[in-house]
Amino acid sequence: MPPMVPVPVTVLTGFLGSGKTTLLNRLLRDPSVRDTAVIVNEFGEVGIDHLLVETGGEGVIELSDGCICCTVRGDLVDTLADLVDRVQTGRLAALRRVVIETTGLADPTPILASLMAHPVLVQHFSLDAVVTLVDAATGVATLRERNEARRQVACADRIVVTKADLEPETAELRALIARLNPRAPVLAVAEVGPDALFGCGLVDARTRQADLSRWLGEDLSCTHDHAHHHHAGSHDGHGHAHGHAHGGVGSFSLQHEAPIALADIEAFLDLLRDRQGSSLLRMKAVVRLREDEARPLVLHGVRTYLHPPVRLPAWPEGVARGSRLVLIGDGLDETLVRDLFAAFTGTPVSDAPDRAALLDNPLALASRGF
Ligand SMILES: Nc1nc2c(ncn2[C@@H]2O[C@H](COP(=O)(O)OP(=O)(O)OP(=O)(O)O)[C@@H](O)[C@H]2O)c(=O)[nH]1
């Protein structure tokens, strides 16, 4: 049986779309980062991240039904306990570290509490650090508007600013971060390698303990509203949809099996941003393109910013070749978004303008509140 040296755990957090998966993928390619278990949790009922985290399957554990910080908290404990079991029974090589990639809406404090207060887990795992990503392009607006984002920054041991290549980090963003967390070093993502993130240790273990008790004292349970709503089936008739509400934030997915023309998906996204941009927080999509069905198109939107699309070389094994879009927003009008999507994917929906009518007059949905 391997000696009981606690395995360091890094909690990688940051608001929706801040670049967690991108950074993790880059770090995991470094040979020094072998024997790392990655626990991925995402918000939205149709898991897309597990398609995009490149560890070759075995190491990725997706907790798909909610956030680690709230509904999946029990599962996080079970997952970590299962890792211990797999290592002890020789089914998994001894782990050097665990990385938990939280959802962009996770409040990290309950996760820290699970790790630091659980009588069995503390024997096997030790919290290495909380690393919080802040997106330079949308960070100021996000930190102003979203309590989850502020809490993520407040409890970080390391802060990593991403996307400064898109928009240079402003003094305003620096000041906001410093006000929320004057202790944690702030690094630019370009200068971050495994050494800067792993094994960096807590900023101050004593302060963290104090902070943690203060945060938990404030709010022992998750700050979010745990309401879940289920739909019997999606409006487009292409599979099951399960909405997930997180405070005022909700998510739903759109699915379509048949290939979609690039021009149609572009037109859909243009109208989506135009009509629902102020409610949109995040969009992730894997699209089966009519022009090239073998290579799925991956799209990422963060608020109204649409990142350059990426083509995967092939569909990952065991994954159905259909398009999936996950939308996360605060006050998104699901019915209208579904109607719009149906119009561009040629799925008939009664009572909604069709594709031709929308292209002819994009305001055709205006009368319905778009
Ligand atoms: N230009 C630029 N794009 C970036 C950078 N980091 C991430 N991105 C892009 O931002 C988009 C979102 O990145 P992800 O890594 O999926 O973000 P995430 O934090 O994992 O997103 P969630 O899982 O929704 O919380 C993708 O299109 C990335 O390619 C960066 O430093 N510069």
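Two strands pair if DSSP finds at least two bridges between them. Helices (H or I, at least four residues) and strands (E, at least two) are DSSP runs, numbered from the N terminus.

## Model and numbering

This is a predicted model, in which local features need pLDDT of at least 70 and side-chain atom pairs count only at pLDDT 80 or more, while totals for chains, interfaces and linings use all residues. Residues are numbered from 1 along each chain as its sequence is written.

## Strand S5 and its partners

S5 and S6 pair in the parallel sense over 5 bridges. Within this pairing, Val131 has Arg158 in S6 as its bridge partner. Strand S1 (residues 7-14) also pairs with S5 in the parallel sense, here over 8 bridges, and Thr13 stands opposite Thr132 in S5.

A residue is called buried if 20 or more other C-beta atoms lie within 10 Å of its own, exposed if 12 or fewer do, and partly exposed in between, with C-beta atoms placed from the backbone. In S5, 10 of the 11 residues are buried, so the strand is largely enclosed by the rest of the structure.

## Helix H8

Which residues of helix H8 (residues 171-180) are buried? They are Leu173, Leu176, Ile177 and Leu180. Seen down the axis of H8, these buried residues fall within an arc of 95° (taken from the directions from the helix axis to the C-beta atoms), so they line one face of the helix. The face turned away from the buried side carries the exposed residues Ala171, Arg174, Ala175 and Arg179.

Contact between two residues means that their C-beta atoms, placed from the backbone, lie within 7 Å. The cover over the buried residues of H8 includes strand S5 (125-135), strand S6 (158-162) and strand S7 (186-188), together with helix H6 (139-145) and helix H7 (147-154).

## Ligand shell

A residue is near a molecule if its C-beta atom, placed from the backbone, lies within 6 Å of it. There are 19 residues around the ligand, and Gly19, Thr22, Gly104, His300 and His307 come nearest. Helix H1 (residues 20-28) supplies the largest share of this shell, 3 residues.

The shell divides into 3 nonpolar, 10 polar and 6 charged residues; Ala, Val, Leu, Ile, Met, Phe, Trp, Tyr, Cys and Pro count as nonpolar, Asp, Glu, Lys and Arg as charged, and the others, Gly among them, as polar. Domain 1 (7-218) and domain 2 (228-368) both give residues to the shell, so the ligand lies between them. The domain bounds come from an automatic or database domain assignment.

## Positive phi values

Most residues other than glycine have a negative phi. Lys163, in the loop between S6 and H8, has a positive phi near 60°. This residue counts as buried because it has 23 C-beta neighbours inside 10 Å.

Arg303 also has a positive phi, near 50°. Its place is the loop between strand S12 (297-302) and strand S13 (305-306). With 22 C-beta neighbours inside 10 Å, Arg303 counts as buried.

Tyr305 lies in strand S13 and counts as partly exposed, with 16 C-beta neighbours inside 10 Å. Leaving aside neighbours within four places in sequence, Tyr305 is in contact with Ala137 and Thr138.

Leu83 belongs to helix H3 (residues 73-88) and is partly exposed, with 19 other C-beta atoms within 10 Å. Not counting residues up to four places away in sequence, Leu83 touches Ala37, Leu92, Leu95 and Val98. Leu83 and Ala37 are 46 residues apart in sequence, and their C-alpha atoms are 8.5 Å apart in space.
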